[in-house]
Amino acid sequence: MSIALPAADVVASQASGRSEIFVHELYAALQQPSNLLLLDVRNEDEFQMWRIETRHTPETLHLPYFFFLEEEEKAIAQVRARATNGRPIVVVCAKGGASDYVAERLREAGLSAINLAGGMVEWGDFYDVRPVMEQPDYRIYQVDRVARGCVSWVFVSRGEAAIVDPLRYGERYLKLLEEQGAQLKLLLDTHAHADHISSGPDLAELTGAAYYLHPYDAIHPFDMLPARMKYAMLHDGQRFTLGALQVEVIHTPGHTLGQVNFLVTAPDGEAFCCTGDNLFIESFGRPDLGGQGERWAPVVYDTIFGVVKRRVPDHAWILPGHYASPAEANADGLYMKRLEDLWRDNRSLHFTEKERFVEFVLSHLPYMPPQYVEIKRVNIGLSNPSLDEADELELGKNICALSG
Amino acid sequence: MTTDVATIQVHQELDVRGLNCPMPLVKARQAILKLDVGQVLKVISTDRGSVKDFQGWAKAANNVALLAQSEEAAPDGKTLYLHYVQRTK
């Protein structure tokens with residue numbers, strides 16, 4: 001068993017005199033079961049909105065930091081009761097300030113506590129990069145913004161690269177492409193996102209690569225205003241060549257009117273379908289973020305059971321734009337599944353009647369975060385937030401799938 | 001928190017501009033203990049997170065009430081977050 005491993009890492013961090021660990025270290029430690037105790041000292045509503053979740057989320061104790069100010073002994077006793085035998089404690093707050101204070105109090109009380117540097121802000125900005133496929137002719141990488149459940153995909157072949165659904169920090173991709181010795185050729189958004197800010201337009205300006213979006217999504221669904229950024233138009237059936245890879249655009253409306261899937265075919269016969277907010281591993285993209293749930297839900301049905309069934313081969317790997325839980329990943333931490341397995345395992349797809357499907361969809365629509373309207377404005381150049389405002393717009397987990 | 005800020009009688013001001021979490025709260029807590037019961041502390045902060053923190057603190061502590069919170073622009077364009085805290089015990 002590897003249970004002692006991450007705990008040992010944290011203890012080792014402390015033994016070397018460190019009072020804080022970085023998010024990538026915590027993330028690595030939480031890739032296997034561990035006996036870490038996470039102590040979250042944020043406010044109740046912040047904790048309820050989002051928290052640290054991984055494939056092996058450790059036991060989490062929530063105790064706002066002002067309890068450590070008001071009733072220090074009582075608060076420490078509560079932590080101590082859960083952290084016997086030198087059990088390592090990682091303390092987390094919004095930005096790493098209050099948690100540093102609490103970790104210090106706990107260490108003074110003889111507990112093995114360490115601060116998460118930068119807190120949830122840093123955790124929210126952490127991107128996990130993992131190889132999906134590394135063949136002589138092509139390579140694929142999953143770039144996962146862990147805290148938000150947002151997944152993007154990087155394709156590299158013969159020195160050329162494409163990014164599907166690039167997330168906000170474009171420079172992270174450029175670093176990856178530099179390591180790969182690849183030149184960015186295609187920036188492809190499956191749709192105009194409502195839950196996160198795309199770096200597509202910025203990366204296009206920075207690198208000279210073309211940024212592609214379907215024109216239906218270049219109109220804001222609430223404002224009814226046209227995009228004010230530079231983009232090239234996608235259309236159904238369009239094809240791109242990326243080194244040895246062939247990319248086909250499949251128009252898959254429903255989540256948005258301009259949602260497309262990118263079907264990537266490799267020379268070895270493998271196929272990969274970036275579905276954005278069309279199909280997920282569990283569930284699929286909700287149809288109501290444009291304010292037209294009742295009208296668009298039947299469109300989702302036609303797309304999934306018509307277009308996708310007809311045009312995406314059963315052996316294709318589905319590479320979605322989101323997940324709701326880290327449990328959707330495979331053993332390698334990858335959010336991918338062959339379409340034939342998805343038909344079987346994704347219970348939201350077990351419908352044969354359009355009417356039942358629409359009923360199901362409309363009765364499982366989660367809350368729509370109000371900032372989603374604004375994020376869409378940002379993504380088509382109608383609004384230009386400051387860094388702080390952008391951070392706030394993107395707070396928390398995505399809510400792009402159906403609930404339940 | 002329906003109290004109109006203009007009607008609150010402030011007995012002491014605490015300037016924690018430039019300090020980040022948890023310091024605004026740590027200092028406010030020390031300052032409030034020096035006031036008499038019923039007196040009001042006005043805290044001036046530049047830390048946006050202090051808004052929620054003071055709300056949470058007022059709920060957790062048994063000797064303070066948060067009478068009001070407001071925002072105003074500082075001369076340098078930064079936003080100031082103002083908290084009016086009363087010692088109740």
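Mentor: Begin with pairing: two strands pair if DSSP finds at least two bridges between them. Helices (H or I, at least four residues) and strands (E, at least two) are DSSP runs, numbered from the N terminus. This is a predicted model, where local features need pLDDT of at least 70, side-chain atom pairs count only at pLDDT 80 or more, and totals for chains, interfaces and linings use all residues. Residues are numbered from 1 along each chain as its sequence is written, and chains are lettered from A and ligands numbered from 1 in the order in which they are written.

Trainee: How many bridges join S3(B) to strand S4 of chain B?

Mentor: In general, strands of a sheet pair through backbone hydrogen bonds, either parallel or antiparallel. Here S3(B) and S4(B) (residues 79–87) run antiparallel and are joined by nine bridges. One bridge pairs Ser70(B) with Leu82(B) in S4(B).

Trainee: What is the order of the four strands in the open sheet of chain B?

Mentor: The order is S1-S2-S4-S3, with mixed pairing. Strands S1 (12–16) and S3 (64–73) of chain B are at the edges; each has a single partner strand, so one side of each lacks a neighbour in the sheet.

Trainee: Which residues does the contact between the chains take?

Mentor: Two residues are in contact if their C-beta atoms, placed from the backbone, lie within 7 Å. Chain A gives 14 residues and chain B gives 13 residues. On the side of chain A that touches chain B, H4(A) supplies the largest share, four residues.
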